[in-house]
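Please have the coordinates open as you read.

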Amino acid sequence: MTTLLFQLITLLILLPLLQSYPHTSKPTNIRLPLQTTTLSVTDFGATGDGLHYDTLAIQSAIDACPSTSCRVFFPPGTYLTATIHLKSNIILDIPEGATLLGGTKIEDYPKEFDRWYVVLAENATDVGITGGGVVDGQGLKFVQRFNEVKNVMVSWNQSGACLGDECRPRLVGFIGCRNVRVWNIRLQDPAYWCLHVVRCHNTSIHDVSIYGDFNTPNNDGMDIEDSNNTVITRCHINTGDDAICPKTYNGPLYNLTATNCWIRTKSSAIKFGSASSFDFKNLVFDNITIVDSHRGLGLQIRDGGNVSDITFSNINISTRYYDPSWWGRAEPIYVTTCPRDSNAKEGSISNLLFINITATSENGIFLSGSKGGLLSNLRFINMNLTYRRWTKYAGGLVDYRPGCQGLVNHSAAGIIMEHMEGFEIENVYMRWSNNKKEQWDTPLDFRPSTVNNISFFNFHSDLYKE
């Protein structure tokens, strides 16, 4: 017992010495939190009066940031600017009371039209925007002629920098970036697309408000292009054109999740495409409210890409007619795959799940594949569909745009189906308003020659009583 006690006392005395003695094993690396540097744009000469350009001062503050974590801060004021270029490890901090105001002259933007952004980050890592303030594109100054149906917009195609009638600057762009974060910011009045994420990995967009003019075309809310691992949550989007729009121009798009969002638009609240040359896979849209939109959940596959493994859940939809110059005919759900033109490939759409969907709409659901691009394995589970009219726009049209067949006369139906293989309906309740003018007398519209393998379990169709 005495020997054991002596050994324990000896060990306690020697242990601190043994722990401090140099040894050859690899030491444990402990990463200390990076110290964030904050630089104010006013310290570099920015006036914030909204009249004089502060571009040079803002860019100087960005360029002065160390290579470690840095915030570029905007004191309250309005900062008129041409394109500014973000870099790695930099966050633009635009607090409440501060506005970053995009210029309206073509010379405010780079020569290359695909670099026309008010804020642009390219090939950057750990980059973003926050603060609670505003980034404003002054989109209404690009209106050539105001129109209650659809504004006619200025186009800079006469410069030779681009073609067509959509030659206007976007608001915020991230191209080829990693670890992008946009949060607690208001993006408003874009002249063209608002938030554009291109070929990025690991993007977080949360607590963002987007407000675009309701009569302005092409002022999309968020265009997520060729990007993987994207999370969108708690966002509020109220704009004229598509709200959340995944696209594939030059590569696939995987792993996008959008949750807890509120959307209003004159076009599609959620739209895949129409740029769709590559695949879309593993996308989830959950707990989303769509109000007064021209189209709810839309898939426009026109360029040969394939869509698979998509879930739409816990979504409340209200869709209505607007002027037919806007794409959409009040469809709560619109799933289509047809070639854009005779030279385009036919893509496919498979494994789509719609679960816990409530919709009140002026038109029915449209599900249309094509001969070489079938829709397969679609499931509708726990859906409550109410069809009634409350606007004065004429019905009786099916909208295949862009390309395909354009607008086609067709009587209203609860669900129109074309070129499908595998469709499962379970616990679906469809109600109709008693409107004789609309001639809603077809709950399900399909031809067995193009639609096969359909199953129904607990499907109800009834009159809607106001």
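With bonded cysteines counted along the chain, the disulfides follow the pattern 1-2, 3-4, 5-6. A disulfide here is a pair of cysteine sulfur atoms within 2.5 Å. This is a predicted model, in which local features need pLDDT of at least 70 and side-chain atom pairs count only at pLDDT 80 or more, while totals for chains, interfaces and linings use all residues. Residues are numbered from 1 along each chain as its sequence is written, and side-chain values use heavy atoms, with hydrogens and water left out.

**Disulfides**

A search of the whole structure turns up 3 disulfides, listed below.

| Disulfide | S to S distance |
|---|---|
| Cys65 to Cys70 | 2.1 Å |
| Cys162 to Cys167 | 2.2 Å |
| Cys338 to Cys404 | 1.8 Å |

Which hand does the disulfide of Cys338 and Cys404 have, left or right? The torsion about its S-S bond is about 85 degrees, so this disulfide is right-handed. Cys338 sits in the loop between strand 26 (331-337) and strand 27, and Cys404 in the loop between strand 30 and strand 31 (407-409), so the pair ties together parts that are 66 residues apart in sequence. Strands, like helices, are DSSP runs numbered from the N terminus (E, at least two residues, for strands; H or I, at least four, for helices). For Cys65 and Cys70, the S-S torsion is about -55 degrees, and the disulfide is therefore left-handed.

How well covered are these cysteines? For the wording, buried means under 20% relative accessible area, exposed means over 50%, and partly exposed is in between, using a 1.4 Å probe and protein chains only. Cys65 and Cys70 are both buried. Cys162 is buried with a relative accessible area of 7%, and Cys167 is buried at 2%. In the remaining pair, Cys338 is buried at 11%, whereas Cys404 is partly exposed at 31%.

Two further cysteines deserve a look. Cys200 is buried, with a relative accessible area of 0%.

**Aromatic pairs**

A pair of aromatic rings is described by the distance of the centres and the angle of the planes. Rings of Phe, Tyr and Trp (its six-membered ring) pair if their centres lie within 6.5 Å; planes under 30 degrees apart count as stacked, over 60 as edge-to-face and the rest as tilted. The count by this rule is 18 aromatic pairs. In one of them, Phe214 and Tyr322 have ring centres 5.8 Å apart and planes at 70 degrees, so the pair is edge-to-face. Phe214 lies in the loop between strand 16 (201-211) and strand 17 (222-225), and Tyr322 in the loop between strand 25 (307-319) and strand 26, so parts that are 108 residues apart in sequence are tied together. Phe214 counts as buried at 14% relative accessibility, and Tyr322 is buried at 6%.

The rings of Phe285 and Phe312 have centres 5.3 Å apart and planes at 10 degrees, so this pair is stacked. Because Phe285 lies in strand 23 (residues 280-293) and Phe312 in strand 25, the pair ties together parts that are 27 residues apart in sequence. Both Phe285 and Phe312 are buried. They belong to one aromatic cluster formed by Phe272, Phe280, Phe285, Phe312, Phe354, Phe380 and Phe423.

Is Leu352 buried or exposed? Leu352 is buried, with a relative accessible area of 1%, and is found in strand 27 (residues 349-361). Leaving out residues up to four places away in sequence, Leu352 touches Leu299, Val307, Ile310, Val335, Asn377, Leu378 and Arg379, where contact means heavy atoms within 4.5 Å.
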